[in-house]
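User: Hi, could you walk me through this structure? I'd like to hear about a pocket and then about the aromatic rings.

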Amino acid sequence: MQLELEAAVAAVTAKGEPYEARTETIRGVEFTVFANAPRNLRELYSSGLNHAGKDFYVYKDERYTYQDMWDVAARCANALRERGVEPGARVGIALRNYPEWIAAFMAITSIGAVAVAVNAWWSGEELLYGIEDSGLKILFTDVERTERLLPHRDQLAIEIITVRHEQPGLTTWEQLIGHAAAAMPDADIAPEDNATILYTSGSTAHPKGVLSTHRAITNALLGWECGGAIAMKMNPALAAAVGRSAPQPEHPPAVILTVPLFHVTGLVVQALSSFRRGRKLVGMYKWDAEEALRIIEAERVTEFNGVPTMAWELVQSPNRGKYDLSSLKSAGGGGAPMAPEHARQIDKTIAKGAPGTGWGMTETQGLATTIGGEAFLKRPRSCGRAVPPIVRVKAVAEDGHDCAPMETGELWIWGVMNFSEYWNKPDATAAGLTDGWVHTGDVGHVDEEGYVFITDRLKDMVLRGGENIGCQEVEAVLYGHPNVLEAAVFGVPDERLGETLAAVVVAKPETTLSAKDVQDFAAEHVAKFKVPDHVWIRTERLPRIASEKIFKRGLRDEAVERLQERGTQS
């Protein structure tokens, strides 16, 4: 199998082939890159004009072709230029998945500015942190985000552009682009110029801004394409079947935008990967399994990609049989492990033999490993193999040596798609990026065939339905409650979300404190998904380990036991 893989990679990436690969030194590290990757995101968008008349983005009853979106983005780009936005300046987007999100992102990155994808689920305080940390010049907001920011307006030295609503004293989207020139302005954007900042939670008290270049993103996009071409090369029967098929498939490629565009999955995996293929992208106001089933039927969706729990909710829907899902060719997800039984049921009911999953991080543009079809059904606990030829994955032991196959260590990811730095956090960058390798914080092993298995996590982080939550960040908020003496936040298993957040809190002497008090206080300061679902109040000091750190593992085991007892009693 390994020899077959190596031969397929060599053939697909040979000189003169569409996915020709070569080596190039970037920031002092020699990487494998694609010779024919778009030079920058602007070239990527331009390639979408090869499909100018095709539907690109569908949102409710609105429909935009590739040409339509390019034209709107061009007007926005000119308007930003008129406002003095220069290459390297940061411009933020804090919106639902409205069409304006995509147009603004295209505009920002087409003139060499840096698009800051602000987490739209953040509270007002968190939004303020992101604005100040990234140094935004302009921010696009919808009504919910504007309302959260208004109490902080005096602290904001930025211009706010309102989308799909009006607010006295603020410029609307229509006013911004209404009189702007129609042609996309010229810009000289180098592959190593900065393109995006996406925020990710982890082991620090505040989210970190992940800075990535144009080259990192465009090479990641070709990475998925090349991986598919290699799989086809290794399966002559499949290649022959595809070759015999009609030039026009029964249903043109279409995918639902199931997650927010401020996520790497929504932005890179789902939205940006559509341009070269001419794929239709269908947006949702928010995730709803019933609405997703309706969209799959109405828009003849061919691909489903989201958090694994989403595909499972489609399978479990009592109304699934009422919809025609025959257009759907594949269904899967990434960002969280998929339970083996979920994979089997997805294969049986909606994916027609092609369930799949993958693993990646915001720091890797979502690209690292992938697995699907028969290989996934045989290895449902694996997140796949590193995507050749641009990705490598290894496990590293505590003493720093590279682990042998099946030996457990921290998983590291190498590749040109990796981020450049954590914005304004040189210490975090140094700790998380070594000679082109990203330290993932995930613990696991790589087997003899190169399949990666994640078994544990080093970082003090909870993965709730694919959303990272830094435990220290939530603890810092809880310590702000006047009646809280100590707090420990950790993850507990959850059947639907994989993990959910729990907290054990010690009340100060001679005070009263309830679980609801803690949850209500947290909700005032952090996004809803970061509010602990389970809270226990104590009066005695939390248990410690020898280093005097709080013994979270013991608290977690105790909490899991309590929840299991509660489930048994119910």
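This is a predicted model: local features need pLDDT of at least 70, side-chain atom pairs count only at pLDDT 80 or more; totals for chains, interfaces and linings use all residues.

User: What volume does the second largest pocket have?

Analyst: The second largest pocket has a volume of about 1,200 Å³, and of the 36 residues that line it, the closest to its centre are Trp121, Pro260, Lys286, Trp287 and Phe529.

User: And which helix gives the largest share of the lining?

Analyst: Helix 12 does, with three residues; the lining as a whole divides into 19 nonpolar, seven polar and ten charged residues.

User: Switching to rings, how many aromatic pairs are there?

Analyst: The count comes to 16 aromatic pairs. In one of them, the ring centres of phenylalanine 56 and phenylalanine 275 are 4.9 Å apart and the planes stand at 45 degrees, so this pair is tilted. The two residues are 219 residues apart in the chain, with phenylalanine 56 in strand 3, and both are buried.

User: Is tryptophan 121 buried or partly exposed?

Analyst: Tryptophan 121 counts as partly exposed because its relative accessibility is 37%, whereas phenylalanine 262, with a relative accessible area of 5%, is buried.

User: Where does the charged end of arginine 379 sit?

Analyst: The charged end of arginine 379 sits over the ring of tyrosine 451, 4.0 Å from its centre, while lysine 208 lies over the face of tyrosine 422, at 4.9 Å from the ring centre.

Note on methods: Residues are numbered from 1 along each chain as its sequence is written. Side-chain values use heavy atoms; hydrogens and water are left out. On a 1 Å grid over the protein atoms alone, a cavity is a set of points where a 1.4 Å probe fits but cannot get out, and a pocket is an open set with protein on both sides within 12 Å along at least five of seven lines; lining residues have an atom within 4 Å of a point. Grid points are joined across faces, edges and corners, and a volume is the space filled by probe spheres set on the points. Helices (H or I, at least four residues) and strands (E, at least two) are DSSP runs, numbered from the N terminus. Ala, Val, Leu, Ile, Met, Phe, Trp, Tyr, Cys and Pro count as nonpolar, Asp, Glu, Lys and Arg as charged, and the others, Gly among them, as polar. Rings of Phe, Tyr and Trp (its six-membered ring) pair if their centres lie within 6.5 Å; planes under 30 degrees apart count as stacked, over 60 as edge-to-face and the rest as tilted. Buried means under 20% relative accessible area, exposed over 50%, partly exposed in between (1.4 Å probe, protein chains only). A charge sits over a ring if NZ of Lys or CZ of Arg is within 6 Å of the ring centre and within 35 degrees of the ring normal.
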